[in-house]
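Reader: I like to see the cut-off behind every label. Please take me through this model term by term.

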Amino acid sequence: HNAPSARRHILLVTALDSLRPQSISYEGLVAALEVGLLSGHPGLRILYNGIGAGATGNHQHFQLYFTSTYQLPIDVCPLESMVKGPLFKTKDTKTSNDPNDSHPGLDLPAYVIQGISPSNLIQFASQIVTFTDFLLSENIPHNLCICRDHNSGFLKVYIWARKFQKDDESHNFNPNFTISATELIGHCCYDARKMFDSHTEEDIKKAMYEMRLDENCQKKVDQFVRNLFDVDNQGIFSKLFGWF
């Protein structure tokens, strides 16, 4: 389809001649972040689906489009600080028991790196790729979203580490099959009215919940990302060069 998910839906393909598979390279991520910084549009979404996480093509690419509504669940989901620094985690629905909470957590929690600007883009890109390379080495599928923070105006990056899921090649949201970055940001697209009418919010929540890592794996990923982004662990070089 032409622009299947939203108006002006395009692919950002970096270093096409290098024939790089669908994994995030430093140069590719820098290019995606720079594109994000070029636009001040609050509805801009730059998405990445890894292999086993909704990717339908095995060449390095990001999806880019503008959502018709500027506010999606990830824009209002409360965050919890993980370390002293820019790293946060989306609030988990399991810990959100307040009936008055109008913005509960996500069923598949994401790591969030906030405050990305032209002055720190290089350092953040290096750290994010270090993290995604770790996920690759552990055979952990992952999705990523780059968007604007509606309060600060800076970019923020969401990264979901999740279970493997075979792609059904339909490009449709289906709670029994593919959970990709589009669904994870809260923008579920349907090609058929019958499919739209048959799925409930509980179906969607259940499908996302089933993609959660097991407890031991989750703890290992949490520890790695904490060490990577903790300002107190950056040493003398971060203080000298002002990366944060």
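Reader: Why is Phe-134 called buried?

Author: Its relative accessible area is 11%. The scale calls a residue buried under 20% relative accessible area, exposed over 50% and partly exposed in between, with a 1.4 Å probe and protein chains only. Phe-134, at 11%, therefore counts as buried.

Reader: Before we go on, what sort of model is this, and what went into the values?

Author: This is a predicted model, where local features need pLDDT of at least 70, side-chain atom pairs count only at pLDDT 80 or more, and totals for chains, interfaces and linings use all residues. Residues are numbered from 1 along each chain as its sequence is written, and side-chain values use heavy atoms, leaving out hydrogens and water.

Reader: Good to know. How many aromatic pairs does the structure hold?

Author: There are five aromatic pairs. Tyr-111 and Phe-131 make one of them, with ring centres 5.5 Å apart and planes at 90°. Rings of Phe, Tyr and Trp (for Trp, the six-membered ring) pair if their centres lie within 6.5 Å; planes under 30 degrees apart are stacked, over 60 edge-to-face, and the rest tilted. At 90°, this pair is therefore edge-to-face.

Reader: What does that pair tie together?

Author: Tyr-111 is in strand S6 (residues 111-116) and Phe-131 in helix H3, so the pair links parts that are 20 residues apart in sequence. Helices (H or I, at least four residues) and strands (E, at least two) are DSSP runs, numbered from the N terminus. On the accessibility scale, Tyr-111 is buried at 1%, and Phe-131 is buried at 0%.

Reader: How do H3 and H7 pack?

Author: H3 (residues 121-137) and H7 (residues 215-229) pack at about 160°, with axes 11 Å apart. That makes H3 roughly antiparallel to H7. The labels are roughly parallel under 35 degrees, roughly antiparallel over 145, roughly perpendicular from 65 to 115, and oblique for the rest. Axes are lines fitted to C-alpha atoms, for helices over the stretch in contact, and angles run from 0 to 180 degrees between N-to-C directions.

Reader: Which residues meet there?

Author: From H3, the residues include Phe-124, Ile-128, Phe-131 and Phe-134, and from H7, Val-221, Phe-224 and Leu-228 are among them. The residues of this contact divide into 10 nonpolar, two polar and one charged. Contact means heavy atoms within 4.5 Å. Ala, Val, Leu, Ile, Met, Phe, Trp, Tyr, Cys and Pro count as nonpolar, Asp, Glu, Lys and Arg as charged, and the others, Gly among them, as polar.

Reader: What makes H1 oblique to H3?

Author: H1 (residues 26-38) and H3 pack at about 130°, with axes 9 Å apart. That angle falls among the rest of the angle classes, so H1 is oblique to H3. The contact includes Leu-29, Val-30 and Leu-33 of H1 and Ile-122, Ala-125 and Val-129 of H3. Its classes are 10 nonpolar, one polar and one charged.

Reader: What stands out in the backbone of Asn-139?

Author: Asn-139 has a positive phi of about 55° although it is not a glycine. Asn-139 sits in the loop between H3 and strand S7 (142-148). With a relative accessible area of 68%, Asn-139 is exposed.

Reader: Why does Phe-164 count as exposed?

Author: Phe-164 has 58% relative accessibility, so it passes the limit for exposed. Phe-164 lies in the loop between strand S8 (155-161) and helix H4 (181-184). Beyond its neighbours within four places in sequence, Phe-164 is in contact with Gly-52, Pro-141 and Met-211. The C-alpha atoms of Phe-164 and Asn-139, 25 residues apart along the chain, are separated by 8.7 Å.

Reader: How many helices and strands are there in the protein chain?

Author: The chain has eight helices and eight strands. Of its 244 residues, 50% are buried.
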